[in-house]
Amino acid sequence: MIEIRALTSHAEFQDAVKLQQQIWGFEEIELLPLRLFVVALKVGGQVFGAFDGPRMIGFCLAIPGLKAGGKSYLHSHMLGVLPEYRDARVGRRLKLVQRDEALSRGIDLIEWTFDPLEIKNAFFNIERLGAIVRRYVFNQYGTTTSRLHGGLPTDRCIAEWWIGSPRAEAIIAGREFARNPVEVRIAIPFEIAKIRSDDPKRAREIQQQASAQFQSAFDAGLAVIGFERSKEAGTYLLGKWESS
C-alpha cells in the first residue's frame, strides 16, 4: 500500500534530497537543497512524498509562479520515483494530489519542463494527464552530471497543465473528448535511449531536428495536443488548442 502525503519535516526533506541522487545520479552541487523544500512549503508551493511503509520512494516539489499580467500558477520543478516503482502509477498519483491541492486553492495552471526525447514521460504528460505544450527551451539547465541526460544539452518542452479544463478532466477520467485536427507530427525514434547511450552524435542530430520542428510549429501557433506510440517511434501530434 503506497501512501501519498505532504512532507513537513526536515527529516522528510532530507530523504527527498537523497532520492535525487538515487534517481538521477546528480553530483552534490546539482541537488536541490533541503532549504529549498522548506522555502517552497512556506511560500505557497507544494511538497509531497510517496511512501511504501516508512520508506520514501518518490516525491514532487512545486513552487509558486507569477506570469506577466499577474497570472498565478505553480511550477512543478521536480518529480521523481525510484526505478523499481515506476510502473506502479506512483507518478500519476503524485500529480493528481498536486492537482487536487491546487484546485482547492483556486489555482488552475501547473507547469513543468520535460525532455522531449523521453518518450514514456511525454506520453504520460500528454495522454495520461492532459497537458499541452506550446513552448520549447534550448539547453534550459546546461549540461548536467546526470547519467540520464547522456551529456546532451538539456532542451526542454514546457508542459502546461490546465487542471480544470475539459481536456484535462476528460483525460484523467478516461473519457473520450473532441480533439482538434492534427496538422504536424514530430517523431522521435523509439530506441532513442539506446542511441543516446551508444551514439551521442546521432542523438544530438535527432534532438536538433526535433527542436527545429517544434519551434517552427509553435511559431505558427500550434500546440502539442496528443501523443502516439508505435514500435518505431513516439510521435507528438500538433494542432490548434483552445482552453475552453
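**Figure 1. Contacts and overall dimensions of the protein chain.** Among contacts (heavy atoms within 4.5 Å) in the protein chain between residues at least 6 apart in sequence, 67% join residues at least 24 apart. The structure is a predicted model, in which local features need pLDDT of at least 70 and side-chain atom pairs count only at pLDDT 80 or more, while totals for chains, interfaces and linings use all residues. Residues are numbered from 1 along each chain as its sequence is written, and side-chain values use heavy atoms, with hydrogens and water left out. The radius of gyration, taken over C-alpha atoms, is 18 Å, in agreement with the value near 18 Å for a compact globule of 244 residues; the globule rule is 2.2 Å times the number of residues to the power 0.38. Along the principal axes, the C-alpha atoms fill a box of roughly 50 × 45 × 35 Å. The protein chain exposes about 12000 Å², of which carbon and sulfur atoms supply 52%; accessible areas come from the Shrake-Rupley method with a 1.4 Å probe, and for residues only the protein chains shown count as cover.

Figure 2. The protein chain has seven helices and ten strands, taken as DSSP runs numbered from the N terminus (helices H or I, at least four residues; strands E, at least two). Strands pair if DSSP finds at least two bridges between them. Strand E8 (residues 184-189) pairs with E10 (residues 233-239) in the antiparallel sense over six bridges, and proline 189 stands opposite alanine 233. Strand E9 (residues 223-229) also runs antiparallel to E10, joined to E10 by six bridges. Here valine 224 has leucine 238 as its bridge partner. E9 and E10 form a hairpin, with three residues between them.

Figure 3. Buried means under 20% relative accessible area, exposed over 50%, and partly exposed in between (1.4 Å probe, protein chains only). Of the 244 residues of the protein chain, 48% count as buried, and in E10 seven of the seven residues are buried. In a regular strand the side chains alternate between the two faces of the sheet. In E10, Ala233, Thr235, Leu237 and Gly239 point one way, and Gly234, Tyr236 and Leu238 the other. Cysteine 60 is buried at 0% relative accessibility, and cysteine 157 is buried with a relative accessible area of 0%. The count of disulfides (cysteine sulfur atoms within 2.5 Å) is zero.

**Figure 4. Salt bridges.** The structure holds 15 salt bridges, each a side-chain nitrogen of Lys or Arg within 4 Å of a carboxyl oxygen of Asp or Glu. Glutamate 84 forms one with arginine 55, the closest N and O atoms being 3.2 Å apart. Glutamate 84 lies in the loop between strand E4 (72-81) and helix H3 (90-104) and arginine 55 in strand E3 (residues 55-66), so this pair ties together parts 29 residues apart in sequence. Arginine 55 is partly exposed, at 39% relative accessible area. Aspartate 108 and lysine 71 meet in a salt bridge of 2.4 Å, N to O. Aspartate 108 is in the loop between H3 and strand E5 (109-114) and lysine 71 in the loop between E3 and E4, 37 residues apart.

Figure 5. Glutamate 101 and arginine 105 meet in a salt bridge (2.8 Å, N to O). Glutamate 101 is partly exposed at 24% relative accessibility, as is arginine 105 at 38%. Asp115, Glu118, Arg156 and Arg196 are linked in a network of salt bridges.
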